[in-house]
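Let's take a walk through this model together, one packing arrangement at a time. Keep the 3D view open as you read.

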Amino acid sequence: MLSSVSFQTRARTIDHLGREQIADCPTAISELWKNAYDAYARNVCLNIFDGAIPVATLVDDGHGMSLKDLKDKWLTVGTESKAIASETPLEERNGIKRTRVKQGQKGIGRLSCAALGSLLLLVSKKKGHPFVACLLDWRLFENPFLMLHDIKIPTTTFSVKSELADLLPDMLDSLMGNLWGDKEDKARDERVIQAWELFHQQELTEQESNKEDQSAQQTPKTTKERIENTVIDTYFSERHFNTWQAWQNNTDQGTAMFMADISDDLKDQLTADASSEAEGTEVRSKERLIQTLSSFVNPLSNNEDLQITDFSTSVIAWNGNLQRFIVDEVRNFNMERFNDLEHIIKGSVDETGLFTGDIKAFGEWHKDITIKPKARYKMRKDTQFGPFNIQIGTFEVTKRNTTLSEDNYNYFDHQRSLFGGCMVYRDELRVMPYGREDNDFFEMEKRRSKNAGLYVFTNRACFGGMQLSKAANPNLKDKAGREGIIDNKASKLFREVVEHILIEVAKRFIGRASDIRKDKLEEIHADYDAEKAAKNRKKLLKKEQTRVKDSISKNSTKLRINHDEITELAEVLVRKAHFENQDELTSLQHHANKLEGELNGFSLSPIPKTLGSIEQSYRDYRDIELAAKGLLKQINGSIASAQDKLVDKQDIDIAEKNFRSRASILHHKIRKLASEGKALINSQLIEFENQVDIANKAFHSNLATHLDDLAAGRTELDKVTALIELEYEKQNREADTRLKPYITAMQSLSEQIDLQGLAIQSVNESSALRKELGKLHSLAQLGISVEIIGHEIEGIDMTIERGLKELATTRLDNKAEKTLDTITHAHQALSDSWRFLSPLKLSGEKVRTHLTGKDIYKYIEEFFGERLKKNNIKLQASDTFKTLSIFEQPSKIYPVFINLINNARYWVKQTDESERLIKLDLKEGLVFVSDNGPGVDIDDINELFTIFFTKKQRGGRGVGLYLCRVNLAAGGHKIYYSQPQKKLLSGANFIIEFRGLKNA
């Protein structure tokens, strides 16, 4: 007899379609994010909370659902809304005008939230509708004996969010009716109870058979018992609800999923990334989540019509009230950084596989490149692929071969672990799992294992990928579990075309077979070696600065004691005018020799030119050292003079005693240096032997596993041969890097080359040359700037003056008139200062005239009078100065005195003298500009007239004295700093030697 029956669906079907179907936890999150995108959300965020019971929330601000939507769409598997591509009404698009391409295809993506947590509270809000909520436990669908139609999901609506707390207990009771029955349908209750009894007994039986693997401390609960132990009030709190913008009334729409009993992958995200004690599985789950969810929206889209700028994704871990962003679009790898890569493929591929675009190789672009397909493909409509864009970049992983700066290299090397991988984007959203470290869809790593030099692209160091659309590539469809694109004829051709482009670009532009690479590498290696040398100079400079700093710290007290003892010895010689005993003089000489030996041991030479923050400490230390050496010189001179007057012993006796004294001190120093030297040589010998040992073992240890795999048949000969060649090249370079520096250093020592002195001299010269080059650039810019600004200020000055004159003729009230007076006076002061500085102009008429010292003094008085008076500084000019006369351009003379007096004013303000004084004088035909400030340090005298040298803490540019010298030299005059014996005042003393100077 013919009969008809229907499919019967077990509840476990939902588990198969959801939790078991999805690839992993991060992929499940991406599916839910796509659902939020389809709901026209602008923001979607996964929050993971710590606590006794960790909780996760996935919240968005999409159009939300009404109760009808919840029942007819969300709780209906395989809903037809996406299958027929229904369009979301404009009023539900959250202000987004552009139609979004639907990402969902099968209507089962929402079931993937089962992979995130067992218990789900879903709350949604649609504009013009009340809140809607449902509660379900995904563990219900693990029961193989339960029918799907026997499971009831409690749903409810509420208008005020505070109502939810009262509704949750009733929802939980209703949910438990799926375990115990709800007494509404006796037949259904019997089926439910029987199904759970059978499943309960099955799990107990399985646990009994596997009890050797179970912990003795706690008997595992069955699924039924775990569901029964659910206490809804202990799971979700206001802390969790507040992550949803709709709950905080910041928006009137959206959907939120609140999940408890969350997966281990989510719990792993709660520990800080820097945890050194993290287990391997925990670290792996963190890496996998970041690799999967970073760059979810294509950050490298260069098509404004396709760019997604209105959808933001993030993952946040909450440790207490501290939030830590794990995934955040702010930290995404963006187009600006992508363009900094040294190798880039950027173009389009048509439906025949023809590439047209631009190639960047070693930092240089090659425009309008075409790459023909490998073959002429014959395709049917149901097997063809469509046009797509390719935008992929990489960099030289071997640092010595890169054209990138060190900062950029380090940045990309770090970022590749977060955002590296060859992605595939469909309609600007990422297709899973492409781009992850464990997915080599385009077989980059397989090719590199054969010949890494020829096939440059590596999945782990690539950024960007392929960009296609659903409309143009309908045959490139996702597998149900999101494990990639379905392996059909279209996907095979798509992959073959991309692989061919990567191979051709590597061969023609980037890889070992490329002429471009051969030409570039020599230049790159030279730059790398120069940069390495610069780093070594910087390292040496730092080392020497540290040495000087440590020596000062270690020896300052000893140096002062030494200085005090030398001072005491000098005082003894001063007090004792006559010596009658040669032994007494010999004893004093021995004491002086001993102190001199100690003093030499405190020497800091050689000194790097740049000392940084320790410069003042060095100068204080050096002053004491120089003072002590000066006293010793006087002492030795006094002793030698006294010895000449004594005749009681032969010269040879005196010389031998002095010789023995000096020899004793010298031998002590040699023994000390020998001890330090031997210790260093021994330590370096041990280190050298360690480096030799490492170099000897590295080649074998790095290849042993691959040789074992070949012996066991787990790999192929060509792959192992390629790896041997790669490792040989690597270890060959490593041997040079590790061992040659020792040999070079020892060869230099054997040839008696002073490495330290040579190195410091090189650093000092290099530093000086770099400074001079910088100064020349700055000076050129300064000259241009002064000329331009001069014209601008003059024009502005005239404009302001005209405006003020017009205002002065306008009738104003009292307040406005006072304001105008204030502005007028300020403008007058500014104009006066500008006119005083007019001789500094570079252009204009060059007129020579007779200038007297009185003219110069008057000019200075008018220019600085108020400021000197304000600073309580007295300016003096001797009568002889006032009567001097020179024939010269004022523009060469006045700026010189302006700069000198301005410098003196700055430093005299710093003095503690009761009378602050600047003096102009004329002595022996030389003009003196002197002050009683702190003066110029002996180490700075040689630098005084170099451009941009300044010791001012603020306001100094280091240009004034340089211009003084240049201005004067142009007229045949000279300026220099006075020797100590010629000083007129205690501070700075500058001498000007005027050509043709007359004194009336």
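What follows looks at a sheet, the helices lying on it, and a pair of helices.

The model is predicted, so to speak of local features a pLDDT of at least 70 is needed, and side-chain atom pairs count only at pLDDT 80 or more, while totals for chains, interfaces and linings use all residues. Residues are numbered from 1 along each chain as its sequence is written, and side-chain values use heavy atoms, leaving out hydrogens and water.

Begin with the open sheet, where eight strands line up as β5-β4-β3-β6-β2-β1-β7-β8 with mixed pairing. Strands (E, at least two residues) and helices (H or I, at least four) are DSSP runs numbered from the N terminus, and two strands pair if DSSP finds at least two bridges between them. β5 (155-158) and β8 (322-328) are the edges; each has a single partner strand, so one side of each lacks a neighbour in the sheet. From one strand to the next, the twist averages 20 degrees.

Inside the sheet, β1 (residues 43-49) pairs with β2 (residues 55-60) in the antiparallel sense over six bridges. L46 has L58 in β2 as its bridge partner.

Helix α2 (residues 25-38) lies across β1, β2, β6 (254-262) and β7 (312-319), at about 30 degrees to β2. Angles run from 0 to 180 degrees between N-to-C directions, and axes are lines fitted to C-alpha atoms, for helices over the stretch in contact; contact means heavy atoms within 4.5 Å.

Finally, find helix α22 (residues 853-870) and helix α24 (residues 890-908), whose axes come within 10 Å and cross at roughly 35 degrees. Among the contact residues are F863 of α22 and F897 of α24.
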